[in-house]
Amino acid sequence: MKKHIIYIAAALLMASCSKDAASEAQKEWITLLNDGYLPEADPAAEPKGYVVDEFWREKLAESLKKPENRNWYALMQMAVIEYAHGEVEGALKFFKESVSVKENPWSYRNIAMIYRNEYQDVEQAYTYMKKAFALNKTCRGILMDTATTYLQAGKYSIDGGISSQFIT
């Protein structure tokens with residue numbers, strides 16, 4: 001009960017903030033709270049933040065019942081929430097739907113991490129990490145995960161080095 005009250009208090013605090021006073025990350029979630037949908041973001045931009053508690057899980061799940069609210073970003077955020085709640089299969093489903101709606105490096109990267117870390121399938125991880133890297137070659141996290149995944153999958157050569165894979 002106490003945990004639920006904290007979530008409600010946090011939601012009320014966010015709702016009482018004006019969009020002008022809120023941070024960019026908060027504005028997205030205020031829109032979900034006030035207008036019933038999570039706005040689509042630029043897939044080239046890093047996500048501004050994540051929330052994973054049950055209150056937001058329920059709000060976003062309700063929003064996603066409407067087809068017009070199933071944008072790549074809302075689906076990716078739902079996947080993150082599902083993963084945080086231990087729902088690996090649900091997360092994978094939402095990440096894959098996210099990239100089917102609009103290719104984005106964030107969902108591809110997270111699909112790769114599920115295959116690599118949950119299923120120990122480095123070949124599948126390599127396939128998805130390669131797609132993430134093709135879409136974003138500047139994010140430090142994607143660079144690190146790409147290098148690790150390529151090494152684990154043996155996708156490098158001694159004479160060409162791993163860097164030759166990154167340049168293509």
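**Before you start**

The model is predicted: local features need pLDDT of at least 70, side-chain atom pairs count only at pLDDT 80 or more, and totals for chains, interfaces and linings use all residues. Residues are numbered from 1 along each chain as its sequence is written, and side-chain values use heavy atoms, with hydrogens and water left out.

**Stop 1: the whole chain**

Show the chain as a cartoon. You will find 9 helices and 0 strands. Helices (H or I, at least four residues) and strands (E, at least two) are DSSP runs, numbered from the N terminus. Of the 168 residues, 42% are buried. Buried means under 20% relative accessible area, exposed over 50%, and partly exposed in between (1.4 Å probe, protein chains only).

**Stop 2: Ser63**

Select Ser63. Its place is in helix H3 (residues 54-63). Ser63 counts as buried because its relative accessibility is 4%. Leaving out residues up to four places away in sequence, Ser63 touches Leu32, Gly36, Tyr37, Leu38 and Asn69. Contact here means heavy atoms within 4.5 Å.

**Stop 3: the largest pocket**

Select Glu46, Pro47, Tyr50, Trp106, Arg109, Asn110, Cys139, Gly141, Ile142 and Asp145, which line the largest pocket. Helix H6 (105-118) and helix H8 (140-152) are the elements that give two or more residues to this lining. The pocket's volume is about 160 Å³. On a 1 Å grid over the protein atoms alone, a pocket is an open set of points where a 1.4 Å probe fits, with protein on both sides within 12 Å along at least five of seven lines; lining residues have an atom within 4 Å of a point. Grid points are joined across faces, edges and corners, and the volume is the space filled by probe spheres set on the points.

**Stop 4: helix H6**

Select residues 105-118, helix H6. H6 has 14 residues and reaches 19 Å from first C-alpha to last, close to the 20 Å expected at 1.5 Å a residue. The expected span is 1.5 Å times one less than the number of residues. H6 is mostly covered, with 11 of its 14 residues buried. Among them are Trp106 and Asn110. The cover includes helix H4 (72-84), helix H5 (88-101), helix H7 (122-135) and H8. Finish at Gln120, which follows H6 and has a positive phi, near 50°.
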